[in-house]
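I opened this entry to keep track of what I looked up, one topic at a time.

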Amino acid sequence: MSAASEGADSFLEEGRRRRIVLRTDQAARLLKLALKGLPNEVCGFLAGVSETVEEIIPVTNAEPSPVCYLMHSAEQFRAMKIMRDKGLEMVGIYHSHPVSPAYPSARDVERAAYPDCVYLIIGIGRDGTEIRGFRIEDRAVAEVEVVVQDPVE
């Protein structure tokens, strides 16, 4: 076992988020946002309670590129205010990978600043699309379960 995976195992055992829960319509919206943003990466926040996403808050990629993203700072503050005003937590941060697999790049790992949230990556490739979630802490990466379910009525 590598040092990175040992670190990943330890921070997943600390009772933090081990999964993220999306409704089917939210997963479809994330895919639509990612496709609309092509050829560049898109990004934003996933707001909710505990591990359940209640709201998707898109943020403009201030560094439009097919290989990286940088959230627009004023929109990032607006998103934080929306979450606070609605009593929601930052459950996750999402972004797309239009030209690479749905796995954190070295830059994603380097820039990961929120160890308590899930980094959701929407991969768009020749073999189709996928949504995967990760926890990133101290450069250790651990995959978490992404649950997509129908809304409860």
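This is a predicted model: local features need pLDDT of at least 70, side-chain atom pairs count only at pLDDT 80 or more; totals for chains, interfaces and linings use all residues.

**Salt bridges.** I asked how many salt bridges there are by the rule used here. The count comes to 8.

I looked up Arg107 and Glu63. Their side chains meet in a salt bridge, with 2.8 Å from N to O. Arg107 lies in helix 4 (residues 106-111), while Glu63 is in the loop between strand 3 (52-59) and helix 3 (73-86), so the pair ties together parts that are 44 residues apart in sequence. I checked accessibility for both partners. Arg107 is partly exposed at 34%, and Glu63 is partly exposed at 26%. I also asked which residues are linked with Glu63 in a network of salt bridges. Arg107 and Arg111 are linked with Glu63 in that network.

Next I looked at Glu143. Glu143 forms a salt bridge with Arg132, and their closest N and O atoms are 2.8 Å apart. This pair links distant parts of the chain, with Glu143 in strand 7 (residues 140-149) and Arg132 in strand 6 (residues 128-137), 11 residues apart. Glu143 has a relative accessible area of 42%, so I put Glu143 down as partly exposed.

I then took the pair Asp25 and Arg23. Their closest N and O atoms are 3.0 Å apart, and they form a salt bridge. Asp25 is partly exposed with a relative accessible area of 39%, and Arg23 is partly exposed as well, with 27%.

**Leu46.** Leu46 lies in strand 2 (residues 43-49). I listed its contacts, leaving aside neighbours within four places in sequence; among them are Ile20, Leu30, Val53, Ile56, Met90, Val91, Tyr94 and Leu120. I also checked Ile93: Leu46 and Ile93 are 47 residues apart in sequence, and their C-alpha atoms are 5.7 Å apart in space.

**Strand pairing.** Strand 1 (residues 19-23) and strand 7 run parallel and are joined by 5 bridges. In strand 7, Val146 is the residue opposite Ile20.

I looked up Asp138, in the loop between strand 6 and strand 7. The hairpin of these strands has 2 residues between them, and Asp138 takes a positive phi near 50° there. Asp138 counts as exposed because its relative accessibility is 74%, and exposed means over 50%.

Ser50 was the next entry. Ser50 lies in the loop between strand 2 and strand 3. Its phi is near 60°, a positive value in a residue other than glycine. At 43% relative accessibility, I logged Ser50 as partly exposed.

Last, I asked which residues a cis peptide bond joins. The cis bond joins Leu38 and Pro39, with omega about 10°. Pro39 lies in the loop between helix 2 (24-36) and strand 2.

Key:
Residues are numbered from 1 along each chain as its sequence is written. Side-chain values use heavy atoms; hydrogens and water are left out. A salt bridge is a side-chain nitrogen of Lys or Arg within 4 Å of a carboxyl oxygen of Asp or Glu. Buried means under 20% relative accessible area, exposed over 50%, partly exposed in between (1.4 Å probe, protein chains only). Helices (H or I, at least four residues) and strands (E, at least two) are DSSP runs, numbered from the N terminus. Contact means heavy atoms within 4.5 Å. Two strands pair if DSSP finds at least two bridges between them.
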